[in-house]
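Subject: Structure for you to look at

Hello,

Here is the structure I promised to send. My notes follow below it.

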2 protein chains.
Amino acid sequence: MLMNEVKMPVQKRSIERLEKVIQTTIDLLETRALAECNIQEISQISGVPRNHIYQYFPTIDHLFSLIVNRYFQKLQSYLTHNAQIYKTWSVLDIIQDALSNASAFYNQNKPASMLILGGPVNIEGFSLQEAVIEEISKEFVKIFTQKENPLTLKKTEDITIMIELIFSLMKHSFYRYGYITEELQQEALLVCEAYLEKKAYI
Amino acid sequence: MLMNEVKMPVQKRSIERLEKVIQTTIDLLETRALAECNIQEISQISGVPRNHIYQYFPTIDHLFSLIVNRYFQKLQSYLTHNAQIYKTWSVLDIIQDALSNASAFYNQNKPASMLILGGPVNIEGFSLQEAVIEEISKEFVKIFTQKENPLTLKKTEDITIMIELIFSLMKHSFYRYGYITEELQQEALLVCEAYLEKKAYI
């Protein structure tokens with residue numbers, strides 16, 4: 001994966017410069033398409049020399065990968081953060097809440113929507129996306145099985161499948177409407193309900 | 001879309017050379033990863049000069065896009081071809097048959113699996129994928145509404161959503177197992193059944 005090829009600096013000054021590069025890229029993506037972003041311009045705007053950027057990000061895809069990874073970590077932290085509250089909730093209420101948080105996050109972060117929902121930037125982006133869907137699934141499995149009224153899973157992959165289904169509808173909504181509509185959030189919830197009922201989980 | 005940027009030749013000899021380039025690429029992808037394919041090598045193996053290839057495909061992604069487009073046309077033609085037979089079938093039997101044909105197609109064509117299920121090669125690949133999901137959905141809408149016992153659709157987008165759900169599980173299976181397993185085909189069918197029941201279509 002591209003992410004593994006990114007060597008992060010340890011020196012304070014280097015870290016600060018790198019963060020400036022990352023923030024400049026995110027700012028640029030607020031108003032531009034992915035194809036309209038290049039390292040040369042990021043270097044000009046951020047004031048960080050190109051050679052310095054290339055040292056960490058051999059290509060702009062490496063830079064995008066790092067940003068995507070951070071977004072995923074943020075999405076995951078929502079879940080971990082709410083794990084305690086969710087203990088007394090029903091499975092469907094948890095899904096609805098997480099779905100609505102994730103949708104709000106994407107809708108408020110155009111760069112996140114473009115990089116993640118707009119299709120992986122490259123083949124490594126796809127692996128990253130799939131790997132993170134598995135990570136998020138693990139988080140949900142933990143939440144569902146550690147509830148006061150726990151869900152007994154026949155197969156943890158069932159939850160991964162559910163997350164894949166949700167994710168595909170978020171992508172569909174972004175492709176067709178440019179954001180995750182209320183209607184498609186409802187549809188994703190309905191799909192989850194139908195699936196979990198069919199598997200006799202709820 | 002990249003596909004629109006590909007200018008196809010009209011002269012017989014040029015067409016033959018281009019087809020040789022396309023076939024060479026497909027053959028290469030049988031044994032290689034996408035990242036291991038480049039125009040220089042395709043030129044060497046096919047005997048078609050590099051300049052000639054670049055004339056039609058400015059980048060290898062243009063070449064991949066054309067191949068993906070052909071695969072999608074083939075998948076779509078399966079549906080059109082069976083439309084007459086499907087007239088007397090149930091909605092679920094049609095989905096199962098189409099799902100099983102598509103899975104067999106992907107499992108027998110490693111290049112198709114890599115290029116389509118392995119994640120779009122690039123951002124244009126994603127748009128192509130979404131555009132084709134909409135095309136395939138239209139085909140299904142036609143089949144379902146022109147059956148002897150026709151389905152009355154409240155919204156044609158419901159079928160697009162169903163195809164998105166199927167597609168996401170095919171991709172998941174390819175990512176996790178390297179092919180579309182029998183089990184995940186069953187799971188995709190179950191998801192369709194659950195969804196269509198929930199929407200009161202069946």
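Which residues touch the most other members of the largest nonpolar core? They are Ile95(A), Tyr106(A), Phe144(A), Tyr106(B) and Phe144(B), in a core of 135 residues. Please keep in mind that this is a predicted model. Take Phe144(B) as one case. Leaving aside residues up to four places away in sequence, Phe144(B) touches Val91(B), Ile94(B), Ile95(B), Pro150(B), Leu151(B), Ile159(B) and Met162(B). In soluble globular proteins, nonpolar side chains tend to be buried together.

Now the interface. Chain B puts 39 residues in contact with 39 residues of chain A. About 3300 Å² is buried between the two chains, and carbon and sulfur atoms give 60% of that. Phe126(B), Tyr175(B) and Lys198(B) supply 19% of what chain B buries against chain A, more than any other three residues.

The polar side of the interface comes next. Between chain B and chain A there are 12 salt bridges, and 18 residue pairs are in polar contact. On chain B, the elements giving two or more residues to this side are α7 (110–117), α8 (123–145), α9 (157–177) and α10 (182–198). The largest share, 13 residues, comes from α9(B). By class, this side of chain B has 18 nonpolar, seven polar and 14 charged residues.

Some salt bridges to look up:

- Lys155(A) pairs with Glu183(B), with the closest N and O atoms 2.8 Å apart. The pair runs from the loop between α8 and α9 of chain A to helix α10 of chain B. Lys155(A) is partly exposed, at 32% relative accessible area.
- Lys155(B) pairs with Glu183(A), also with 2.8 Å between the closest N and O atoms. Lys155(B) is partly exposed at 33%.
- Lys199(A) meets Glu187(B) at 2.7 Å, N to O. Lys199(A) sits in the segment after α10 of chain A and Glu187(B) in helix α10 of chain B, so this pair joins two chains. Lys199(A) counts as buried at 15%, and Glu187(B) is buried at 10%.
- Lys198(B) pairs with Glu197(A), at 3.0 Å between the closest N and O atoms.

Shared partners also link Glu134(A), Lys155(A), Glu157(A), Arg176(B) and Glu183(B) into one salt-bridge network. Over all chains, the structure holds 26 salt bridges.

Glu193(A) touches Leu92(A), Ile202(A) and Lys198(B), not counting residues up to four places away in sequence. Is Glu193(A) buried or partly exposed? Glu193(A) is partly exposed, because its relative accessible area is 24% and buried means under 20%.

Best wishes

Methods: Residues are numbered from 1 along each chain as its sequence is written. Chains are lettered from A and ligands numbered from 1 in the order in which they are written. This is a predicted model: local features need pLDDT of at least 70, side-chain atom pairs count only at pLDDT 80 or more; totals for chains, interfaces and linings use all residues. Side-chain values use heavy atoms; hydrogens and water are left out. Contact means heavy atoms within 4.5 Å. Buried area is the accessible area (1.4 Å probe) that two parts lose on being put together, summed over both. A salt bridge is a side-chain nitrogen of Lys or Arg within 4 Å of a carboxyl oxygen of Asp or Glu. A polar contact is a pair of N or O atoms within 3.5 Å; within protein, one must be able to donate a hydrogen and the other to accept it, and residues adjacent in sequence count only if both atoms are side-chain atoms. Helices (H or I, at least four residues) and strands (E, at least two) are DSSP runs, numbered from the N terminus. Ala, Val, Leu, Ile, Met, Phe, Trp, Tyr, Cys and Pro count as nonpolar, Asp, Glu, Lys and Arg as charged, and the others, Gly among them, as polar. A nonpolar core is a set of buried Ala, Val, Leu, Ile, Met, Phe, Trp, Tyr and Cys residues joined through side-chain atoms within 4.5 Å. Buried means under 20% relative accessible area, exposed over 50%, partly exposed in between (1.4 Å probe, protein chains only).
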